[in-house]
Amino acid sequence: MASPIHGKSVRVLCDEKDLSPFLKEVNVSAELEPSDVTTFGDNDKEYIPGLRDATLAFDGLFAASTTAADDIANFFDGSIGGSTKHTFTVDINRSTGGRAWLLRADETSYDISAPLTDVVSLSVDAQASDGYRGGRMLRPLAAATSTESNTGVLTVGTTSAGGTTGGGVGHLHITAASTVTSIVAKIQDSTSGSTWHDLITFTAATQETFQRSTVSGAVKERTRATISTFTGGAGKTATIGIAFARQAGKS
């Protein structure tokens with residue numbers, strides 16, 4: 001039996017923000033709408049798979065500051081109806097190879113509750129487009145000061161002969177950056193872990209940013225995150241998280 005995971009380790013990344021310090025609960029819901037194809041003469045109903053759907057909801061604490069850049073309220077106040085969908089990564093246990101949910105979603109509900117006898121709370125609902133993907137954290141959010149490559153993550157059930165087909169999707173979140181002139185982050189794949197090939201190369205970054213990028217075709221059995229370029233002034237640093245999900249359903 002696999003070991004249970006405690007909720008205290010969950011981290012929620014949204015665009016260039018780490019929302020975890022404000023949140024107490026997060027829920028990702030996925031469903032598939034079945035289509036009824038039952039015909040005359042059938043004694044039992046028969047269905048075929050229809051469209052997939054996913055939603056995300058989280059609850060937490062309202063932040064009182066009106067100036068803090070990381071204030072969750074400042075971040076969501078004007079985002080309903082925005083032209084750019086949010087890029088969400090829900091990191092389940094903050095470890096390389098740990099489970100992650102990857103979504104591209106619009107904020108649909110934003111509620112603030114202020115009871116007389118308790119703390120002011122906040123809740124947000126979001127509707128995913130293109131469903132959700134269950135994947136792995138290739139680089140849990142952490143500070144970087146130079147180029148590096150993370151440990152390769154082996155996908156259970158893949159083989160050295162083929163990996164998976166159908167491509168995949170990668171998320172990059174840079175939540176802090178200081179004296180940086182260029183950061184190039186990549187997702188690479190490998191058959192054995194000895195030779196790595198570029199799978200996704202994210203756009204070079206100079207500050208806090210985020211990116212969602214897709215790739216088609218075969219993905220080899222192992223994947224990893226790499227920071228291939230890291231330039232800047234003395235004391236340069238950036239806080240970076242990278243996740244990847246295979247479109248074929250293998251995580």
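Predicted model: local features only at pLDDT ≥ 70, side-chain atom pairs only at ≥ 80, totals over all residues.
Visitor: Let's start with strand 15. How many bridges join strand 12 to strand 15?

Guide: Strand 12, residues 168-190, is joined to strand 15 by 20 bridges, and the two run antiparallel. One of the pairs puts Ser-178 with Thr-237 of strand 15.

Visitor: And which way does strand 9 run against strand 15?

Guide: Antiparallel, with 6 bridges between strand 9 (residues 121-144) and strand 15 (residues 222-246). Ala-144 is placed opposite Ala-238 of strand 15.

Visitor: What about strand 10 and strand 15?

Guide: Strand 10, residues 148-149, runs antiparallel to strand 15 and has 2 bridges to it. Glu-148 faces Ile-227 of strand 15 there. Strand 11, residues 153-154, is also antiparallel to strand 15, through 2 bridges. Val-153 has Thr-223 as its partner in strand 15.

Visitor: Changing topic. Is Thr-87 buried or exposed?

Guide: Buried, because its relative accessible area is 4%, under the 20% cut-off. Thr-87 sits in strand 7, residues 86-91.

Visitor: Which residues is Thr-87 in contact with, leaving aside neighbours within four places in sequence?

Guide: With those set aside, Thr-87 touches Leu-13, Cys-14, Asp-15, Leu-103, His-171, His-173, Phe-210 and Arg-212.

Visitor: Now Ile-48. Where is it placed?

Guide: In strand 5, residues 47-48. Ile-48 is counted as partly exposed because its relative accessible area is 42%, and that class lies between 20% and 50%.

Visitor: What does Ile-48 contact, leaving aside neighbours within four places in sequence?

Guide: Glu-33, Pro-34, Ser-35 and Val-37, once those neighbours are left out. As for Thr-84, its C-alpha atom is 33 Å from that of Ile-48, and the two are 36 residues apart along the chain.

Visitor: On to the inside. How many residues has the largest nonpolar core?

Guide: It has 25 residues, and Leu-19, Leu-56, Phe-58, Ile-72, Phe-76 and Phe-88 have the most contacts inside it.

Visitor: Which elements give two or more residues to this core?

Guide: Strand 1 (11-14), strand 3 (23-32), strand 6 (52-61), helix 1 (72-76), strand 7, strand 8 (99-113) and strand 9.

Visitor: Pick Phe-76. What is Phe-76 in contact with, leaving aside neighbours within four places in sequence?

Guide: Beyond those neighbours, Phe-76 contacts Cys-14, Leu-19, Phe-58, His-86, Glu-107, Tyr-110 and Val-124.

Visitor: And what does the second core include?

Guide: That core is separate and has 22 residues, among them Leu-138, Ala-144, Leu-199 and Ile-240.

Definitions and conventions. Residues numbered from 1 in each chain as written. Heavy atoms only, no water. Pairing = 2+ DSSP bridges. Helix = DSSP H or I, 4+ residues; strand = E, 2+ residues; numbered from the N terminus. Buried < 20%, exposed > 50% of the residue type's maximum accessible area, 1.4 Å probe, protein only. Contact = heavy atoms within 4.5 Å. Core = buried A, V, L, I, M, F, W, Y, C linked by side-chain atoms within 4.5 Å.
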